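Open the model in your viewer and keep the sequence panel beside it.

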Amino acid sequence: MQGRIKRKQQERASEERSATQVAAPNVTCALCARPLGARVEWHHPIPKSQGGSVTVPVHPICHRTIHAAVSNHDLAERYADLDTLRQRDDMQRFLRWVAKKPPDFNAPTRQSRDKRDAAKSDL
Ligand SMILES: [Zn+2]
Ligand SMILES: [Zn+2]
């Protein structure tokens with residue numbers, strides 16, 4: 001009887017631990033493996049809509065690229081393993097391109113002219 005009570009308490013403790021997800025410093029992106037910048041997004045390798053509950057930290061730009069390239073259905077069916085996802089041609093191209101960008105680099109959107117000029121040398 002006592003053993004059963006103890007096991008219940010342990011289960012509860014581990015649930016609480018897994019519910020806490022904080023971006024620790026020196027954490028790297030689950031897609032491109034560069035250090036993360038100031039902004040971190042959490043990607044579901046198995047989409048929430050497909051029953052996934054695990055999340056991994058990624059750059060906003062990496063996150064956007066994943067979802068631009070692959071539908072949630074395909075993520076769940078084929079790319080729940082990020083290694084497999086990285087092997088896609090479009091991901092390989094993106095990873096080569098993004099590898100030299102600073103952690104907080106974001107894709108060129110319509111920004112102020114100042115910012116665009118500053119980034120010109122990078123184009
Ligand atoms: Zn990344
Ligand atoms: Zn995602």
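Colour by pLDDT to begin. This is a predicted model. The mean pLDDT of the protein is 78, and 66% of its residues reach 70 or more.

Select residues 89-98. This is helix α5, where confidence is highest, at a mean of 97. Now select residues 113-119, helix α6: here confidence is lowest, at a mean of 48.

Next, select residues 13-20. Here too the pLDDT is below 50.

Switch to cartoon and view the whole chain. The protein has 6 helices and 2 strands. Trace them from the N terminus: the order is α-β-β-α-α-α-α-α.

Now colour by burial. How much of the protein is buried? Of its 123 residues, 15% are buried.

Last stop: select alanine 33. Find it in the loop between α1 (2-19) and β1 (41-43). Check the backbone: phi of alanine 33 is near 70°, a positive value in a residue other than glycine.

Is alanine 33 buried or exposed? Count the other C-beta atoms within 10 Å: there are 12. The cut-off for exposed is 12 or fewer, so alanine 33 counts as exposed.

Definitions and conventions
Residues numbered from 1 in each chain as written. Chains lettered and ligands numbered in written order. Predicted model: local features only at pLDDT ≥ 70, side-chain atom pairs only at ≥ 80, totals over all residues. Helix = DSSP H or I, 4+ residues; strand = E, 2+ residues; numbered from the N terminus. Buried ≥ 20, exposed ≤ 12 C-beta atoms within 10 Å, placed from the backbone. pLDDT = per-residue confidence, 0-100. Contact = placed C-beta atoms within 7 Å.
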